[in-house]
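Reader: I am new to this model. Where do I begin?

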Amino acid sequence: SQLESGSADSEIGTVSSEMKLSNAAKDLRKQAGELSSMTLADIKDKDSLVKKVSAFAESYNSAIEAMGKSDSVDALRSGLSMTNAVKTYSGALSRIGIKVGIDNKLTVNEETLRAADDNAVSSMMKSSYSPVVRIADKAEAIGKAAANKAQTTAFKDMMYGDSSGNKSLYSGYNTF
């Protein structure tokens with residue numbers, strides 16, 4: 001099930017594509033965690049705030065991209081839930097300078113973020129129902145699901161030969 005021909009990078013559901021998603025999700029969880037643990041004093045430091053929010057948005061976008069190459073139903077389900085949560089908050093997020101694009105990717109308007117009310121920024125990142133906290137939760141689920149999928153795919157490839165036609169130890173038995 002390859003959408004475009006070319007490098008192994010374009011393959012969907014490979015060990016490599018699932019691990020890429022797992023790692024992107026782990027990074028997203030870390031970035032979201034850094035935002036959700038910011039104090040009001042941290043938020044008042046606008047240079048630091050812009051740096052952290054930009055790193056978070058970059059990480060989120062990488063995870064969204066990697067999700068496009070995943071074949072894990074669980075990871076995709078969590079990803080859909082995550083993007084839906086972000087869309088739900090898109091109005092509030094845009095007021096603090098985080099725009100949600102049609103492609104589900106985030107862009108940061110530095111000027112709007114710097115001018116945003118500190119309490120509004122805090123509530124988007126720290127409250128238990130904030131989009132950032134929900135993203136952190138979903139990122140953890142996505143990472144685990146993608147890692148599990150990578151593991152089962154690696155095992156199948158080892159047992160039966162991978163989908164690219166490489167033979168393996170048991171490829172003769174792959175006839176049932």
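Author: Begin with the surface. Accessible area comes from the Shrake-Rupley method with a 1.4 Å probe. This is a predicted model. Its protein chain exposes about 9700 Å². Carbon and sulfur atoms supply 52% of that area.

Reader: What share of the residues in the protein chain is buried?

Author: Buried means under 20% relative accessible area. Of the 176 residues in the protein chain, 39% are buried.

Reader: How many helices and strands does the protein chain have?

Author: Eight helices and two strands. Along the sequence they run α-α-α-α-α-β-β-α-α-α.

Reader: Which residues of α4 are buried?

Author: Ala75, Ser78, Gly79, Met82, Thr83, Ala85 and Val86. These cover an arc of only 155° around the axis, so they sit on the same side of α4.

Reader: Which residues are exposed on the other side of α4?

Author: Val73, Arg77, Leu80 and Thr88. Exposed means over 50% relative accessible area.

Reader: What covers the buried residues of α4?

Author: The cover includes helices α1 (15–36), α3 (46–67), α5 (90–95) and α8 (131–160). Strands β1 (98–100) and β2 (106–108) are also part of the cover.

Technical notes
Residues numbered from 1 in each chain as written. Predicted model: local features only at pLDDT ≥ 70, side-chain atom pairs only at ≥ 80, totals over all residues. Heavy atoms only, no water. Buried < 20%, exposed > 50% of the residue type's maximum accessible area, 1.4 Å probe, protein only. Helix = DSSP H or I, 4+ residues; strand = E, 2+ residues; numbered from the N terminus. Arc of directions from axis to C-beta. Contact = heavy atoms within 4.5 Å.
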